[in-house]
Amino acid sequence: MSASLVRATVRAVSKRKLQPTRAALTLTPSVVNKIKQLLKDKLEHVGVKVGVRTRGCNGLSYTLEYTKTEGDSDEEKKAQLTLLGTEMDYVEDKLSIEFVFSNPNIKGTCGCGENFNI
């Protein structure tokens, strides 16, 4: 059983030109460093799994969980379609510390910024 990591915020990106890449999800250097830091104390875990679940007031929500195995599950393969072109960042400012997903495919978000629809 994987443990949940943190809360994430969703931001819709408009008029962003999609660039073809091999990865469905692009990670910024700050998120890579934060995940390495989080995994340093979790020796039994090999990484962090990014997923999408149906919930909330606007339909979908991102999930982050520690994982003990490598490879794609069926759930992760379904999430890849939702993640195409998404950039994941880690942001620290005066009001919040959070993972931020910038997804050009989002059609709408809720007021709290945690849920979205495509």
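**Notes on the core and its aromatic pairs**

1. Start with the largest nonpolar core, which has 19 residues; V50, V52, L83, M88, F99 and F101 have the most contacts inside it. Here a nonpolar core is a set of buried Ala, Val, Leu, Ile, Met, Phe, Trp, Tyr and Cys residues joined through side-chain atoms within 4.5 Å. Buried means under 20% relative accessible area, with exposed over 50% and partly exposed in between (1.4 Å probe, protein chains only).

2. A word on the basis: this is a predicted model, where local features need pLDDT of at least 70 and side-chain atom pairs count only at pLDDT 80 or more, while totals for chains, interfaces and linings use all residues. Residues are numbered from 1 along each chain as its sequence is written, and side-chain values use heavy atoms, leaving out hydrogens and water.

3. Which elements build this core? At least two residues each come from α1 (29-40), β3 (47-54), β4 (60-67), α2 (74-83), β5 (86-92) and β6 (97-103). β4 gives the most, with four residues. (Helices, H or I with at least four residues, and strands, E with at least two, are DSSP runs numbered from the N terminus.)

4. Now the rings: there are two aromatic pairs. Rings of Phe, Tyr and Trp (its six-membered ring) pair if their centres lie within 6.5 Å; planes under 30 degrees apart are stacked, over 60 edge-to-face, and the rest tilted.

5. Y62 and F101 are stacked, at 4.0 Å centre to centre with 15° between the planes. This pair links distant parts of the chain, as Y62 sits in strand β4 and F101 in strand β6, 39 residues apart. Both Y62 and F101 are buried.

6. Y90 and F99 make a tilted pair: 5.3 Å centre to centre, 55° between the planes. Y90 counts as buried because its relative accessible area is 12%, and F99 is buried too, at 1%.
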